[in-house]
Amino acid sequence: MSDRKGTLYVVSAPSGTGKDTVVRELLRLHPETAFSVSATTRAPREGETEGKDYYFVTRERFAEMIERGEFLEYAEYTTASYGTPAAAVDAALAAGRDMILVIEINGANNVKRKRPDAVLVFLVPPSFEELERRLRGRGTETEEQIAARMEKARAEILHMDEYDYIVKNDTVPHAVSDIESIMAAERLKAAKCIESVKGGLGI
Ligand code: ADP
Ligand code: 5GP
């Protein structure tokens, strides 16, 4: 157990912006950072692994998890439910590890309400045209789903002022580097480092 508690980071972005890609690269470079695996009622996409990308659960199991108070937050998105299991978040933070949640805007707002010291990062695409290209290029949604996600993206972007930081995902290395800067700045906040600095100075 470390003296320093970890920091809770929340990353949101319209679907297709590249948040999974950017966060995957960030975690590859910083394996000490923990990633919160959400529970969802949606079906797995090709290539997704149970327990790594999501815990894929039935609607009944999801309702049971709500009932038992197992979620830090949960929300409906399109036709499925998504929730952040609280136990893993608390364990990582208590062990001094920073924890990243990749969740949509309603969930992000709920986390900020419950944990005001959480740091909220909004990832934006360089343009709506590029967002549509990325969504289509991923090849995991039907044309109808792409249209619905584009419409949702325009509404979601309007919430970026509720976040602490905005990062443009023009290139993955640039977006990762901006998030690294945010994490570095957060670690230097007086409230986070004052005790260890005092210890070092013997005061
Ligand atoms: P999200 O998690 O936000 O829904 P993904 O990470 O699945 O988005 O990315 C959507 C698509 O865009 C993927 O095909 C991914 O390879 C691509 N992508 C992500 N970031 C970039 C970028 N900076 N430049 C070009 N393509 C990107
Ligand atoms: P997808 O179906 O594309 O994996 O995810 C759809 C949306 O749900 C994305 O914006 C994703 O970040 C969000 N999401 C994933 N897990 C959670 C969660 O635990 N809680 C909330 N509120 N949103 C989540």
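Author: Welcome! On a 1 Å grid over the protein atoms alone, where a 1.4 Å probe fits, a pocket is an open set of points with protein on both sides within 12 Å along at least five of seven lines. This is a predicted model, where local features need pLDDT of at least 70, side-chain atom pairs count only at pLDDT 80 or more, and totals for chains, interfaces and linings use all residues. Residues are numbered from 1 along each chain as its sequence is written, chains are lettered from A and ligands numbered from 1 in the order in which they are written, and side-chain values use heavy atoms, leaving out hydrogens and water.

Reader: Which pocket does the space taken by ligand 2 form?
Author: A molecule sits in a pocket if more than half of its atoms lie within 2 Å of its grid points. By that rule, the space that ligand 2 takes is the largest pocket.

Reader: How many residues surround ligand 2?
Author: A residue counts when one of its heavy atoms lies within 4 Å. Ser38, Arg42, Tyr54, Tyr82 and Glu104 are the closest. This shell divides into six nonpolar, four polar and six charged residues. The number surrounding ligand 2 is 16.

Reader: How much of the accessible area of ligand 2 does the protein cover?
Author: Look first at the polar contacts, pairs of N or O atoms within 3.5 Å: a nitrogen atom of ligand 2 is 2.7 Å from a polar side-chain atom of Glu104, and oxygen atoms of ligand 2 lie 2.8 Å from a side-chain N or O atom of Arg45 and 3.2 Å from a backbone N or O atom of Val102. On its own, ligand 2 has 520 Å² of accessible area (Shrake-Rupley method, 1.4 Å probe).

Reader: Which helix gives the most to the shell around ligand 1?
Author: Helices are DSSP runs of at least four residues, numbered from the N terminus. Helix H1 (19-29) and helix H5 (128-138) each supply at least two residues of the shell around ligand 1. With three residues, the top contributor is H1.

Reader: How much of the area that ligand 1 exposes when taken alone does the protein bury?
Author: Oxygen atoms of ligand 1 lie 2.5 Å from a polar side-chain atom of Thr21 and 3.0 Å from a polar backbone atom of Asp20. A nitrogen atom of ligand 1 is 3.4 Å from a polar backbone atom of Val172. Taken alone, ligand 1 exposes 570 Å², and the part buried by the protein is 76%.

Technical notes
Polar contact = N/O pair within 3.5 Å; in protein donor to acceptor, adjacent residues only side chain to side chain. 1 Å grid on protein atoms, 1.4 Å probe; cavity = no way out; pocket = protein on both sides within 12 Å on 5 of 7 lines; lining within 4 Å. Nonpolar A, V, L, I, M, F, W, Y, C, P; charged D, E, K, R; others polar.
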